[in-house]
Amino acid sequence: MPLAPLVSPVDMLDDDEAARTARHAILAGFGDVAQRRLAAAHVAVVGAGGIGSPVVLALAAAGIGELTIIDDDDVEASNLQRQIMHRRSDVGHPKVDSARRVAKDLSPTVVHTVRERLTAANASAMLAGAHLVIDGTDTFETREVVAAACESLGTPLVWGVVQEFYAQATVFWSSPPTGTPAVLLRDLYPPESVGTVPTCSEVGVLGSLCMQVGALLATEAIKLITGTGEPLLGRVLVIDALRGRTDEVPLRPSTAAPARPAASPPSLIRLTAVEALAAQQAGATIIDVREPSETSSGVIAGSALIPLQQLLQNPSLAGTESVVVVCKGGMRAEQAARALIAAGRSASVLDGGMDAWSGAAREVVVA
């Protein structure tokens, strides 16, 4: 059934983005409001390979406001048969580098890349702050880690897997809207039921099927963000490419393994510009997580400049004192603050970011 939109819309699109996404604006039941919801959304994509490639391309083209792409691998020649973000000239280079390049070539999407292996120890911090996560990984062990982190954060997980000529796609969510049953990875694959899963290098994979599934997952993300259509929560789409057949299988919570109550995401304290200044004067550190290209135009006096991905990878950079995190509009600051809270530190955010600070006529100095 349809669900409420996951993300509130931005106030407006600039003229260039409105022109670029004009074909969305005329879609019946979608239009300008849904497009503005996409512009406000932050999606984390785990894996920049066969599934992650079309996901990143489709979401950047669609106008997603912020993408975090997580992958620790380099491009290999054998990847090019299905991993369509990468080119022959990218062989030997990090996959996240070509992912950033193609996404930025398509749209003004803010792209964060994390060249680090996602593990049980760091998954929640890496994924904190995303409105939605898409799993494009290629081992079941990593899929379990991603699913567990999303379950604990209460974040919807758009999930797909491709092997040989076959594929599955669905949505898991531990904290869906009231009245909608939670569905988890364990409901589809109970613990200890999977066994050893062969890799693509062992049994092969049809490259074009990866593109089909990646596009499908991107569509599911768009539906959840905008509240359009009926997402695959509670349903599994099963694709048999050899027979040209797509089937739908109902998926309900398992009575043998009832869902655990999902842990609430870390709560955030949002400060006004006046409150942030008072906190700084009382000894709190203001941490600006914008990129150097942004901070060069001006920063809050006395703030520490630590780009978001550096802070996510090493929360100890924040020190031990209370911090107020700031970015341009607030989305990246929320991600950083949640990660710091998850790491046991005290963190709040400047509500509205530098836009709010400047609007309040507070002091800005050139970095």
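Tutor: Angles under 35 degrees count as roughly parallel, over 145 as roughly antiparallel, 65 to 115 as roughly perpendicular and the rest as oblique.

Student: Okay, and at what angle do α4 and α5 pack?

Tutor: Helix α4 (residues 52-62) and helix α5 (residues 95-106) pack at about 25°, with axes 8 Å apart, so the two are roughly parallel. Axes here are lines fitted to C-alpha atoms, for helices over the stretch in contact, with angles from 0 to 180 degrees between N-to-C directions. Helices are DSSP runs (H or I, at least four residues) and strands are E runs of at least two, numbered from the N terminus.

Student: What kind of model is this, by the way?

Tutor: It's a predicted model: local features need pLDDT of at least 70, side-chain atom pairs count only at pLDDT 80 or more, and totals for chains, interfaces and linings use all residues. Residues are numbered from 1 along each chain as its sequence is written, and side-chain values use heavy atoms, leaving out hydrogens and water.

Student: Switching topic, how many salt bridges are there?

Tutor: The structure holds 13, each a side-chain nitrogen of Lys or Arg within 4 Å of a carboxyl oxygen of Asp or Glu. One of them joins Asp32 and Arg36 at 2.7 Å, N to O.

Student: Where do Asp32 and Arg36 sit?

Tutor: Both are in helix α3, 4 residues apart, which means about one helical turn separates them.

Student: And is Arg36 buried or exposed?

Tutor: Arg36 is buried at 15% relative accessible area, while Asp32 is partly exposed at 40%. Buried means under 20%, exposed over 50%, partly exposed in between (1.4 Å probe, protein chains only).
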